[in-house]
Amino acid sequence: MEGHLNLTLKIWRQKNASVAGKFETYQVSGISTDMSFLEMIDVLNNRLIEEGDDPVAFDHDCREGICGMCSMYINGRPHGPNRGVTTCQLHMRSFQDGETITVEPWRASAFPVIKDLVVNRSSFDRIIAAGGFVSVNTGNAKDANNIPINKDDADEAFAAAACIGCGACVAACKNASAMLFTSAKVSQLALLPQGQIEAATRAQAMVAQMDEEGFGACSNTGACEAECPKGISIENIARMNREYFSATFSSK
């Protein structure tokens with residue numbers, strides 16, 4: 001049954017990366033428990049615009065848990081209190097009437113704030129560009145059955161490819177490590193025969209770019225897997241380490 005909530009919102013406001021930000025407090029009332037968290041922010045922003053104030057900037061696109069854009073740190077957790085969901089899939093029924101909700105952007109030097117809750121995640125794009133690709137011949141696409149793939153390998157590759165690049169793993173890690181993201185992108189190719197051409201250099205190149213971007217080292221606490229909305233396994237980190245050291249020894 002639909003209910004309604006009156007809430008206090010403490011939201012991080014910051015004009016850009018070069019100025020200091022601070023929390024601003026807002027009161028919202030009559031929020032439907034059937035609303036998503038982003039719809040609740042929409043309600044606040046409509047009111048701010050009507051009052052002549054600057055609306056809260058936040059990333060969003062598909063609102064279907066696929067694009068990975070809706071990056072918010074809610075009450076101390078990436079994407080909020082529920083496991084296995086993105087912020088756009090988080091519904092207000094997960095909160096209590098009268099509750100105070102604290103909303104922040106991802107906190108990582110490699111994710112500089114653009115404005116308010118929006119951060120620049122182009123560092124992820126550069127990690128992928130460093131080695132997250134395969135070499136293929138141009139021309140007509142080959143029949144899918146031309147290259148037999150073990151089902152277990154295909155399933156693991158598909159699971160790794162489910163990563164949406166939202167950055168929750170970085171936000172959850174005390175060292176702001178991008179190991180889970182990078183390893184997922186390595187694994188989805190390393191497990192398939194199509195990815196073997198670059199196998200000798202892929203992990204090395206992507207890890208080098210990850211380090212250059214300023215992400216921290218893996219903390220081995222498993223917080224990244226626990227907060228990943230797609231349940232990406234930390235087994236991928238072990239696989240990437242094997243790929244990395246295999247390439248290192250084979251190149252000597």
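Colleague: What makes the contact between the side chains of glutamate 213 and arginine 126 a salt bridge?

Modeller: Happy to start there. A salt bridge is a side-chain nitrogen of Lys or Arg within 4 Å of a carboxyl oxygen of Asp or Glu. For glutamate 213 and arginine 126 the N to O distance is 2.7 Å, so the pair meets that rule. Glutamate 213 lies in the loop between helix H6 (202-212) and helix H7 (223-227), while arginine 126 lies in helix H2 (residues 122-131), so the pair ties together parts that are 87 residues apart in sequence. Helices here are DSSP runs (H or I, at least four residues), numbered from the N terminus.

One word on the basis: this is a predicted model, where local features need pLDDT of at least 70 and side-chain atom pairs count only at pLDDT 80 or more, while totals for chains, interfaces and linings use all residues. Residues are numbered from 1 along each chain as its sequence is written, and side-chain values use heavy atoms, with hydrogens and water left out.

Colleague: How many salt bridges does the rule give?

Modeller: The count comes to 13. Among them is glutamate 24 with lysine 22, at 3.6 Å from N to O. Lysine 22 is exposed at 52%, and glutamate 24 is partly exposed at 29%. Another is arginine 202 with glutamate 198, also listed at 3.6 Å. Here arginine 202 is buried at 2%, and glutamate 198 is buried at 8%.

Colleague: On to the rings. How many aromatic pairs turn up, and why is the pair of phenylalanine 124 and phenylalanine 181 called stacked?

Modeller: A search of the whole structure finds eight aromatic pairs. Rings of Phe, Tyr and Trp (its six-membered ring) pair if their centres lie within 6.5 Å; planes under 30 degrees apart count as stacked, over 60 as edge-to-face and the rest as tilted. Phenylalanine 124 and phenylalanine 181 are 3.6 Å centre to centre with 0 degrees between the planes, so they count as stacked. This pair links helix H2 with helix H5 (residues 179-190), 57 residues apart.

Colleague: What is the label for phenylalanine 124 with phenylalanine 215?

Modeller: Tilted, because the planes are at 35 degrees, with centres 5.8 Å apart. Phenylalanine 124 is in helix H2 and phenylalanine 215 in the loop between H6 and H7, 91 residues apart in sequence. Phenylalanine 124 is buried at 3%, and phenylalanine 215 is buried at 6%. Phe111, Phe124, Phe181 and Phe215 form one aromatic cluster.

Colleague: How do you know that the charged end of arginine 107 sits over the ring of tryptophan 12?

Modeller: The rule asks for NZ of Lys or CZ of Arg within 6 Å of the ring centre and within 35 degrees of the ring normal. Arginine 107 is 4.2 Å from the centre of the tryptophan 12 ring and is listed as sitting over it. Lysine 10 sits over the ring of phenylalanine 23, at 5.8 Å.

Conventions: Buried means under 20% relative accessible area, exposed over 50%, partly exposed in between (1.4 Å probe, protein chains only). Helices (H or I, at least four residues) and strands (E, at least two) are DSSP runs, numbered from the N terminus.
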